[in-house]
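Please look at the sequence and the structure before reading on.

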Amino acid sequence: MIDFDLSDEHKLLEQTVREWGGREVTPKIGELDRAHKFDPKILPQMADLGLLGICVPTEYGGAGMDYIALGCASEELEYVDTSLRVIMSVHVGLNSLSILSWGTEDQKQRYLVPQAQGTQIATFGLTEPSAGSDARGIQSVAIKKGDRYVLSGEKMWISLADVADNFLVIAWSDLEKKKQKDPSGLSAFLVERKFKGFSSGTLKHKWGILAGNTGFFKMDEVEVPAENLLGREGEGFKIAMFALDQGRFTVAAGATGLIRACRDASVAYAKERKTFGVEIGQHQLVKEMIAQMESDYQASRLLWLRSGWLKNLGRRNTKETGLAKWFSTVASERAAGDAVQVHGANGYSDEYPVGRFYRNCKGAVIYEGTREIHKIMQADYLLGYRTDRPTRCELPPYKVSVAAR
Ligand code: CAA
């Protein structure tokens, strides 16, 4: 039987993250955002809450919760600020879950365990200055020399670029296949900041997610030991797409939290502000915007819950996760625009949080697969141009899932 109730554990998690975010981050987020400042003190606090290894099994230092828990945490974090959810997306979704699924036991011990405990922070590097949507268009190369790969190239729009210790990097290990853009020539590598030839920087001129760190990194003949190849040589594209299946899930759940934040702020303001002698919530056109936020919130939530449920069962969910990501990020843009509208001129001032929501929501309509990429993917599934074939490594199903509730 399908169960729409969250477990007591999930509810406790939601409450814990909500209380922590409200107490520790909400009071200072406006100031951090205004100052374009990432606060590194947030990371140990998230680690203490178990969030940085939330759905990593306990034997690898994680909290051992399921994938629904990852969604719950992402939703609550983005309710406070998108920058918090982004940490979950890159550290847990894109990086750690890829090591959990594709890594050797040695890689899990060296990287997954410290990442799940939060003593090392991780991110992901696929996008480059000249290749975003066209993931096969990247230029970074990895040349095998004896027992090492020598990596050269530049990655762009990397969340936590100046913060992370560890980077999951996609590069061409087969230069003949690079010429043909044959994705079986791409490989994935676990790269450490401290490797010689690695450098990073922060992007200064973005206009959203200002309390988050976004940047680039460069690899100037970085020597990576062969044992840091993730998966097999030639599996890099699959690993990148697999990683995005998990990252997009956190983006979908996060956007759902942003819609809820827009809804709650709008409801509060509509009951506080009066025009023409009544609370503005009495006006039908304001009601319409608030009702739309509620419908977008509920639909988005159901979509990410279904995707998390499939993950718990160990079933492929690329299509469902893509749909959740597409729908909820587009809906969050609508909700944030309407939240500013409900607030009128006050929405245009940073005295209220809705302007920040409006700036923050747009990134997710672009990163981890643009709205257009996701539309095309959904159509391609229906038209039979795209099917999901099983890969060598899948996300491990959650062991004590539904039956334990
Ligand atoms: N899991 C496992 N394997 C997968 C997969 C998945 N989700 N998706 C595809 N594959 C496999 C396929 O099965 C295929 O292998 P076989 O031939 O052996 O079956 C292989 O990968 C190639 O797949 P496709 O033919 O589907 O690849 P494509 O070139 O048609 O993909 C695309 C096109 C879907 C548009 C893809 O390029 C894409 O998703 N682009 C968007 C990339 C994106 O989201 N980038 C943002 C990254 S975020 C970042 O880097 C910044 C940061 O801060 C983190």
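Contact here means heavy atoms within 4.5 Å, and helices (H or I, at least four residues) and strands (E, at least two) are DSSP runs numbered from the N terminus. The model is predicted, so that local features need pLDDT of at least 70 and side-chain atom pairs count only at pLDDT 80 or more, while totals for chains, interfaces and linings use all residues. Residues are numbered from 1 along each chain as its sequence is written, and side-chain values use heavy atoms, with hydrogens and water left out.

**Helix 11**

The buried residues of helix 11 (under 20% relative accessible area, with exposed over 50% and partly exposed in between, 1.4 Å probe, protein chains only) are His374, Met377, Gln378 and Tyr381. Because they cover an arc of only 95° around the axis, they lie on the same side of helix 11, the arc being that of the directions from the helix axis to the C-beta atoms. Helix 7 (236–272) and helix 9 (318–347) are among what covers these buried residues, whereas the face turned away from the buried side carries the exposed residues Ile376 and Leu383. Gly384, with a positive phi near 80°, follows helix 11.

**The ligand**

Helix 7 gives the most to the shell around the ligand, with seven residues. Polar contacts, listed below, are pairs of N or O atoms within 3.5 Å.

| Protein atom | Distance to a ligand oxygen atom |
|---|---|
| Thr127, polar side-chain atom | 3.0 Å |
| Trp157, polar backbone atom | 3.0 Å |
| Ser159, backbone N or O atom | 3.0 Å |

Terms used. Polar contact = N/O pair within 3.5 Å; in protein donor to acceptor, adjacent residues only side chain to side chain.
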